[in-house]
Every structure is written in C-alpha cells, then in structure tokens.
Amino acid sequence: MSLIAPGSVIGILGGGQLGRMLAGAAERLGFDVDIYCPDTDAPATRVCRRHWQGAYDDGALLAEFAAACDVVTLEFENIPVGAVSVIEASGTPLHPGQRSLSLSQDRGDEKAFLNSIGVATADYRLIDDNTDIAPALVELGAPSLLKTRREGYDGKGQAWIRSPADIESAWKSVGMAPCILEAAVPFEREISVLVARSSNGETKTWAPPHNVHLDGILSTSTVPSGLPADVEHDAREQAIMLVDALGHVGVLALEFFVLPDGRLLANEFAPRVHNSGHWTPEACQTGQFEQHIRAICGWPLGDTRRLFDAEMVNLIGDAGLVTPDHLEPGDVLTLYGKREARPGRKMGHITRRLNPRKD
Ligand SMILES: Nc1ncnc2c1ncn2[C@@H]1O[C@H](COP(=O)(O)OP(=O)(O)O)[C@@H](O)[C@H]1O
Ligand SMILES: [Mg+2]
C-alpha cells in the first residue's frame, strides 16, 4: 500500500464540524484539503483549499473532485452508494470503503453483520410495515424502541412503544419508513470504543469513554469510564474484530451498552471520527483526527496512550453561544463556526484535562 505524502490533497465528503476538525489535523501534517458538500457556508468549507459545492448525485462534479484529490475520505456516512461508486471508479482511493458505509447506513444490516461476527447486540426484529410491529412487540416485550433503518442520528427517527396502543403513533412519528424494533436495554452505562485501522492493517484503540446522552444527543464523554479493566479490554477487542472484519480504513466508533453484570451489547457503529472521541486530541498522545489522516494515508498509526483523565462537554443549542469569559482557565474550547444556534444543534465542545496520568 503506497504512502500518501505531505503536500498531497485530501478530499473530504461532507462539510460539518467533523470535516472541519479533520481538515485542521490534515493541514498540520502538511496536506491540502478539499471539501465536497452541497451546502454553502458549512463549517469545513471555510477552512479548506477548495469547496466543491454540489449534490451527492452530481456524478460529473464528484468525478472532477476525485480527480483533483490523492485520497478521498468522509465525515458523514450517509453518502449515497452512487456517489461512492463514482469515487471508486475514478481510481482515487476512498477510505473507508463501500462495505463500512453500506453496513452502517442500515440498522438492520448493521446489527445482522455485528451478530454474524460474534458481536452481541440487543434483540431486534425487522419491521417493513405497521402490521409487523404487534407480533414483534409480543416477542421482544414492552417497552421496545422503534428505529428507522436509515438516516437516524442524535435520537431522530426513534419512538418508544410502551404498549400496543402506541403502535400507530410511533409508526407515524418515524415517517412509516422501514424500521427495526429493538428490545429495551436496561444498561448501567454507555461507552464507545474509538478504533483506527490503517491501510496497512495496523490497528489501535483509545480508552473507552463513558458517554451520557440527554434527549438522544451525546452530552458528556468521560475517561476513565469507571469500568473494570477486563470489560474495557473486551470492548476494545470487539472493536478491533469489527474493523478487521470490515476491512475498514480510518477511524471508527463502536457504541456499547454495558449491562449491570458487565456484559456488553453493541449498539451501533459510525465509520468515521466521532463526537465521543473529541477529547482525544487534548488528552492523548495522538487524537482521533490526526489518526484518521495517518490511517487513510498509509502512515504508521500514532500512540493512543492517554495522558490525562478528561471530560468532554458538548455545547448544544444556546450553550454554544459561549464567550471567552465563561471559560475556566483549564478549559480547552472548540467551536465549529456555525452561524446560528438552534435547539439540539451541536455548536462546539469543551475538553477539561483532569488528573495527569502517572502510569
Ligand atoms: N434499545 C435501547 N434501549 C435503551 N436505550 C436505547 C436503546 N437504543 C438507543 N437507546 C438510547 O438512545 C440513544 C441513541 O440511540 P442510537 O441507536 O445510538 O441512535 P443515534 O443514531 O440517534 O445515535 C442511545 O445512545 C441510548 O441512550
Ligand atoms: Mg448512537
């Protein structure tokens, strides 16, 4: 696998905050970055060499973009398969590839794949129309969670069903689209494993953070997670198994529910850098954004050792309208440059470095 050298052009599909932070890491390593994104004024489009503004089904523009780049990656996994095929046909490497993307785009395929490689998940049933829900609810028990198979994020496209009386309203609220019905998981906490796999097959994981969600949106990520070492080890091994099975190249986040007895149930994976890894640049030897760039460029992966205990706090909606005088001296602030704060919108985050680690 050839090494992509500094001075090359990295193309990123998607223009949000993840693209902006990836671009920052790439730029520090001496790369130029082009962003492909349909929106005007998106966070990453203001920090790149060139913004290619076009739709994800504009094959001609995508081909031109791919030809201008030495490697293409993404910050957003819901890239239509057609766009992925255009990039692959261009001869410019695309990391991660089709397999990681298509599996993560569909909750049904994702869970089936996780189970097929021995990664346990909550019990679930595929729901093609509303008449499938009542029998599935009997099998899984109430409450159960109805989730659209495609396009859900930050808790969107989900509805709890507490009794058969909720079925119709839940089905309508998720847009009557193909779904899964998922058994409720009585989790003790949620964690995620950030893992990187390079185009050479080398893998590295970071310590798993304890993630707290409010209204379906990540609120804080804290390390250490407070879990026993063997549970963390198990989670990290499962994440490595997943990226190896996918042939994934780049960073990937695997979310887990931790049951009271320490058993792990995988929830979902994102084939990209992830909000629950935002503390890594400040608290670890190598952060997730730099690691992703190293991985897709065939560089040796950096050391993921954690140097500090840390807490990452998301700034959501109006909380993102911070001014520097709100900060504690030790807070490391990252703002995404979004022009407008809306409820539920991720505007930035703060990382607090707590105790330096002595081991
Ligand atoms: N089966 C479940 N049982 C209990 N809580 C759940 C379940 N599935 C999801 N949740 C809660 O909702 C959050 C968001 O769900 P998730 O499936 O990760 O979707 P999203 O793509 O929106 O992140 C989870 O982090 C968890 O807090
Ligand atoms: Mg999630």
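Analyst: Let us begin with β4, where V71 and T73 point one way from the strand while V72 and L74 point the other way, and all are buried. Please keep in mind throughout that this is a predicted model.

User: Which general rule covers side chains that alternate along a strand?

Analyst: In a regular strand the side chains alternate between the two faces of the sheet.

User: OK, and what sheet does β4 belong to?

Analyst: β4 belongs to an open sheet of four strands, which follow the order β3-β2-β1-β4 with parallel pairing. The edge strands are β3 (50-52) and β4 (71-74), each of which pairs on one side only, and the twist from one strand to the next averages 25°.

User: How many bridges join β1 and β4, and which residue is the partner of I10?

Analyst: β1 and β4 pair in the parallel sense over four bridges, and the bridge partner of I10 in β4 is V71. Elsewhere in the sheet, β2 and β3 pair over three bridges, also in the parallel sense, with I35 standing opposite H51 in β3.

User: Which helix lies across those strands?

Analyst: That is helix α2 (residues 59-68), which lies across β1 (9-13), β2, β3 and β4 and runs at about 170° to β2.

User: Switching to the core: which residues touch the most other members?

Analyst: The largest nonpolar core has 40 residues, and those that touch the most other members are I10, F31, I35, W206, W279, I293 and C297. Several elements give two or more residues to this core, among them β1, α1, β2, α10 and β15, and the largest share, six residues, comes from α1.

User: Which residues form the aromatic cluster?

Analyst: Y36, W52, Y56, F65 and F76 form one aromatic cluster. As for W52, the charged end of R50 sits over its ring, 3.6 Å from the centre. Another arginine, R353, lies over the face of F308, at 5.5 Å from the ring centre.

User: New topic: what is the strand order in the sheet with antiparallel pairing?

Analyst: That open sheet of four strands has the order β5-β8-β6-β7. β5 (124-127) and β7 (158-161) stand at the edges with a single partner strand each, so one side of each is left without a neighbour in the sheet. Neighbouring strands are turned by 25° against each other on average, if direction is ignored.

User: What about β6 and β7, how many bridges do they share?

Analyst: Strand β6 (residues 144-148) pairs with β7 over four bridges in the antiparallel sense, and S144 stands opposite I161 in β7.

User: Which helix packs on that sheet?

Analyst: Helix α5 (residues 107-116) packs on the sheet, where it touches β5, β6, β7 and β8 (179-183), and its direction makes about 145° with that of β5.

Technical notes: Residues are numbered from 1 along each chain as its sequence is written. Chains are lettered from A and ligands numbered from 1 in the order in which they are written. This is a predicted model: local features need pLDDT of at least 70, side-chain atom pairs count only at pLDDT 80 or more; totals for chains, interfaces and linings use all residues. Side-chain values use heavy atoms; hydrogens and water are left out. Rings of Phe, Tyr and Trp (its six-membered ring) pair if their centres lie within 6.5 Å; planes under 30 degrees apart count as stacked, over 60 as edge-to-face and the rest as tilted. A charge sits over a ring if NZ of Lys or CZ of Arg is within 6 Å of the ring centre and within 35 degrees of the ring normal. Two strands pair if DSSP finds at least two bridges between them. Axes are lines fitted to C-alpha atoms, for helices over the stretch in contact, and angles run from 0 to 180 degrees between N-to-C directions. Contact means heavy atoms within 4.5 Å. A nonpolar core is a set of buried Ala, Val, Leu, Ile, Met, Phe, Trp, Tyr and Cys residues joined through side-chain atoms within 4.5 Å. Buried means under 20% relative accessible area, exposed over 50%, partly exposed in between (1.4 Å probe, protein chains only).
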